[in-house]
Amino acid sequence: MASSRETAHTEQGDFVLGHLLAVHEPGFGKPSNLREPHVTRDGTRTVVTADVLDGLRGRPRTALYTATDGRFRQVSALGGSARSGRFSPDGRTLAFLADRAVPGVFQLHLRADGDLGEAEPAPAVPGTVEYLHWSPDGRRVLLGVAGLGAELSGGQGSGTNHAADRAEPWFPHVEDEVGDEAWRSLWVYTPATGVLHRLSPEGLNCWEAGWSGPDRVAAISSTAPGEDDWYDAALTLIDLGGGVRTLLTSEVQLGLPAGSPDGRVVAVVEAVCSDRWLVAGDLLLLDVESGETRRIDTRGVDVTRLDWIDDVRLGYLGQRHLNSVAGVLDTTSGGVSEVFDTPVACGGSTGMHTDGAFTADGRVCTVHDSYRLPPQLVLSGEGGDRVLASTSHPGTDHLLSVAGTSAPVSWRAPDGLEIEGILCTPDGDGPFPLVVNIHGGPIWQFRDMWSMRSQWVPLLVARGYAVLNPNPRGSSGRGQAFAGMVAGDMGGADTHDILSAIDALVDRGVADPTRIGLIGGSYGGFMSSWLVTQDDRFAAAVPVAPVTDWRSQNLTSNIAAWGARFLSPSPDDREARTLDRSPVVHAGKARTPCLNVAGALDNCTPPGQALEFHRALRANGVPSALVVYPQEGHGVRGYPAQIDFLTRVLAWFERHMPA
Ligand SMILES: CSCC[C@H](NC=O)C(=O)N[C@@H](CC(C)C)C(=O)N[C@@H](Cc1ccccc1)C(=O)O
């Protein structure tokens, strides 16, 4: 038998490699994981960003595709990666971001319609462009620029924009004064004159922005650039001369700023959030002159995307329970009409939330995917859905042949609240060994998604495990009161939402009570390690990038202040809660074998968290292994690390709770 230090040449290693090759090899060089769908206002042309794997090495590059005659056609042949395609309002020019000159450093490129030549780069900004927006008159392009030392959110993999592999291996990790390269700024490019200028003033960190009329920009900004500062950011209005005015502050978080084309109204989403850029919440409209704010009734939709169609109609997309919803708001009457309400996810398998773009006649370009539907680009309207192109290939067919089925499930928590989730089961009858896959955030949501947005779900199902993907209180899609239930109670009532799910699945004959396992990343890693200290029914657990000790987490994480506030809004009982809710403090009660996984470059949940729990379990005689990937941040994303990780996950469950 191979030692625990090696995963290759084991039965599970051979299976995982064979599985990944069968799924991905037929798709090498082809688009997968669609996101950022965009469409011209007349609906004639679309563009979408896709991941492209060329082999099982490194991380996928990204490329832009358009759909013609039912097939994807690559838009740009530039080397490196390209993403974020946006048509000008007249549909004649495509703006996008590409890292042709320096890998990982994205700059604006423009391509005129019908131009047979390659896209032209705009003058370079100092840093990397994260997003772009055309002004409503089509004369300018707004660029959101991150300095090369700016922090990345957990969902982006954590760490900073500095690619660690560019430094010499001996070079120390240095943290000292916050330099210019840590900030996020706004720039405006005018294609007709070729002039590029910085819009946001020094000292204002702009996380996200959109136009508000042709001469102003609405931005989510703060006065410091640290990842933790995002949680207190305000909505500001910046005019082209650089004047700044604060429009709105909030007790929770603000995101998705979007001004009407005439600049009279700014739309923004207010939401309780755990992660930067993952905003799903209430739609607010602000009258720019009077400052008056209206909260819009979107019929229970947590809004995740805004797109003004004209000065009056605002298109929105979002999530309601497990469904994706698109609608159009008449901003004068406040009335909404829904374009679709569908159980398929509309974010693509790596798009974190429902996303899409509107045509002038109110159709919506989105990506459809579900556990049994590989991502496809779709144009939806009154006449139904028109599939423009699909990412399916023999590899996705193979995945469908081994990945079983998915179904929505619900159950009652001990306090009577209904909780929902998605259950993935192998073919055949239960009871199955069950792995509960706990999502991160905690404010995010599983929907019926391709692969459930992770490679481990279909892999476990292929080996005979049922996988429950629960949305405990704190998840998105159920309104702000539901999401807010986890704030100040992490590891509280959500613990019982998960335990009651297991009881329900055992009662229903789906799950074998002697073979229940846990896996989860980030907040899901916290919950996986927490649950094994609260209940002894678990046969195996795999906490990935977990929090296990809130005291050290809140001394070492780059979102320490968020963690402290989310543990307890009141400083009075924070110290007690810090101990109470830390898995390491309760490690003496745990009996479950744990595979603790971390990335050495993770600033969000630093690897010491996994180490602490591992050592505490060992000290109590509980089987535990620690696996730290030296080149990974928050999550395990690169190859071959992913092959090794998936092999260890499978081997751990098969050893402690065989299917
Ligand atoms: C409790 S400490 C902070 C946890 C973090 N929330 C705030 O930053 C978190 O759970 N983030 C998740 C959010 C996501 C929407 C699910 C996150 O960043 N997850 C990453 C990384 C990851 C993936 C798999 C395993 C471990 C980490 C992601 O889902 O890509």
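**View 1. A glycine sits in the hairpin of β6 and β7.** In the hairpin formed by β6 and β7, 2 residues lie between the strands, and G104 takes a positive phi near 85°. Strands here are DSSP runs of E with at least two residues, helices are DSSP runs of H or I with at least four residues, and both are numbered from the N terminus. This is a predicted model, in which local features need pLDDT of at least 70 and side-chain atom pairs count only at pLDDT 80 or more, while totals for chains, interfaces and linings use all residues. Residues are numbered from 1 along each chain as its sequence is written. β6 and β7 (residues 105-112) pair in the antiparallel sense over 7 bridges; two strands pair if DSSP finds at least two bridges between them. Look for A98, which stands opposite Q107 in β7.

**View 2. β6 also pairs with β5.** Strand β5 (residues 82-87) joins β6 (residues 93-102) over 4 bridges, again in the antiparallel sense.

**View 3. An open sheet holds 4 strands.** Follow the order β13-β14-β15-β16, with antiparallel pairing. β13 (205-211) and β16 (244-248) are the edge strands, each with a single partner, so one side of each has no neighbour in the sheet. Direction ignored, neighbouring strands of this sheet are turned by 35° against each other on average; the axes are lines fitted to C-alpha atoms, and angles run from 0 to 180 degrees between N-to-C directions. Between β13 and strand β14 (residues 216-222), which run antiparallel, there are 6 bridges.

**View 4. Helix α2 has a buried side and an exposed face.** Which residues of α2 (residues 394-402) are buried? They are G395, T396 and L399. These residues cover an arc of only 100° around the axis, which puts them on the same side of α2; the arc is that of the directions from the helix axis to the C-beta atoms. Turned away from that buried side, the other face carries the exposed P394 and S401. A residue is buried if 20 or more other C-beta atoms, placed from the backbone, lie within 10 Å of its own, exposed if 12 or fewer do, and partly exposed in between. The buried residues of α2 pack against α1 (11-24), β27 (373-381) and α3 (456-462), where contact means C-beta atoms, placed from the backbone, within 7 Å. After α2 comes G404, with a positive phi near 65°.

Methods: Two residues are in contact if their C-beta atoms, placed from the backbone, lie within 7 Å.
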